[in-house]
Amino acid sequence: MDNSKIGQHISEQFNIELEDIRNKVLTMGGLVERQIELAVEAFTKGDIELAELVIKQDNQVDALEMAIDLECTQILALRQPTAFDLRLLITVIKIIHEIERIGDKAECVAEMAIQLAGVQNNKFPHYELEHMAGLVKGMLHDALDAFARMTIENVSSITERDDNVDREYDNIVRQLITRMMEDPRNITRTLDVLWTVRALERIGDLACYICEHLVYMIKGEDVRHLSQAELENKVKAAR
């Protein structure tokens, strides 16, 4: 990890506290990445046991969120940080909220896997769903990597990928609508699949939000609601 922005304080204990928080965020992120992977596998294979594991793991994610949030709050109260340190702690609080929401989406996929276990067949767009899951998981991984390295160099390339996710989502939705039109008896199950695909699409959005929080941490500028072109200009100006 790049410690150029952490580890320059008079208090060595403060350095340790900040590094500990960053490591816990990455641990939480890694757990959620695994949740996504297992949830999609459970869904495509109809594996109830695997889906239940994903649901249980959500308790670990929630516990980490609360622990990190408490640690940040205590540092804010006791250390009264300024400048980058203050933005780092504020950003961490925002990022762990996004990660927790991603975990909830993975849990949603797992719950749908249980609900649809034994009734799925080859007419469901499993390949497309797995491909879309790979895209959003890659976005999350790279966003967490940017946080670990304390850089926004690749932020715009990460957020650009959300367009690919949206196209995948639209394609799968069209397939599902066609399936419902061909046989109305499939409507209920197909809607469940649609909710699963929607959960994955939202993970891509949440990964973008993490990137936006990183820009605030590095540059001190709020880039939420900016267009892709405006975000790219902000990132270029920071290099």
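Helix axes are lines fitted to C-alpha atoms over the stretch in contact, and angles run from 0 to 180 degrees between N-to-C directions. The legends below describe a predicted model, in which local features need pLDDT of at least 70, side-chain atom pairs count only at pLDDT 80 or more, and totals for chains, interfaces and linings use all residues. Residues are numbered from 1 along each chain as its sequence is written, and side-chain values use heavy atoms, with hydrogens and water left out.

**View 1. Packing of helix α3 against helix α4.** Helices (DSSP runs of H or I, at least four residues) are numbered from the N terminus. The axes of α3 (residues 83-116) and α4 (residues 126-149) come within 13 Å and cross at roughly 160°. This crossing therefore makes α3 roughly antiparallel to α4, a term for angles over 145 degrees. The α3 and α4 crossing is left-handed, that is, the near helix is turned anticlockwise from the far one by less than a right angle. On the α3 side the contact (heavy atoms within 4.5 Å) is made by L88, V92, I95, I99 and I102, and on the α4 side by L140, L144 and F147. These residues comprise eight nonpolar, no polar and no charged. In this classification, Ala, Val, Leu, Ile, Met, Phe, Trp, Tyr, Cys and Pro count as nonpolar, Asp, Glu, Lys and Arg as charged, and the others, Gly among them, as polar.

**View 2. Packing of helix α2 against helix α3.** The axes of α2 (residues 48-79) and α3 come within 9 Å, with a crossing of roughly 165°. The pair α2 and α3 is therefore roughly antiparallel. Their crossing is left-handed. By class, the contact of α2 with α3 has 18 nonpolar, two polar and nine charged residues.

**View 3. Packing of helix α4 against helix α6.** The axes of α4 and α6 lie 9 Å apart, at an angle of about 15°. Helix α4 is therefore roughly parallel to α6, a term for angles under 35 degrees. The crossing of α4 and α6 is left-handed. Residues of α4 in the contact include L129, M132, V136, L140 and F147, which meet α6 residues including V197, L200, I203, C208 and L214. The contact of α4 with α6 divides into 18 nonpolar, two polar and one charged.

**View 4. The largest pocket.** A pocket is an open set of points on a 1 Å grid over the protein atoms alone, with protein on both sides within 12 Å along at least five of seven lines; lining residues have an atom within 4 Å of a point. Grid points are joined across faces, edges and corners, and a volume is the space filled by probe spheres set on the points. The largest pocket holds about 230 Å³ of space. Of its 14 lining residues, T159, D162, C208, E212 and Q228 are the closest to its centre. Two or more lining residues come from each of α5 (155-182), α6 (187-219) and α7 (228-238). The lining has five nonpolar, four polar and five charged residues.

**View 5. The largest cavity.** A cavity is a set of grid points where a 1.4 Å probe fits but cannot get out. The count comes to one cavity of 30 Å³ or more. About 60 Å³ of space lies in the largest cavity, which is lined by K94, E212, H213, Y216, D222, V223 and R224. Helix α6 gives the most to this lining, with three residues. By class, the lining of the largest cavity has two nonpolar, one polar and four charged residues.

Definitions and conventions. Angles under 35 degrees count as roughly parallel, over 145 as roughly antiparallel, 65 to 115 as roughly perpendicular and the rest as oblique.
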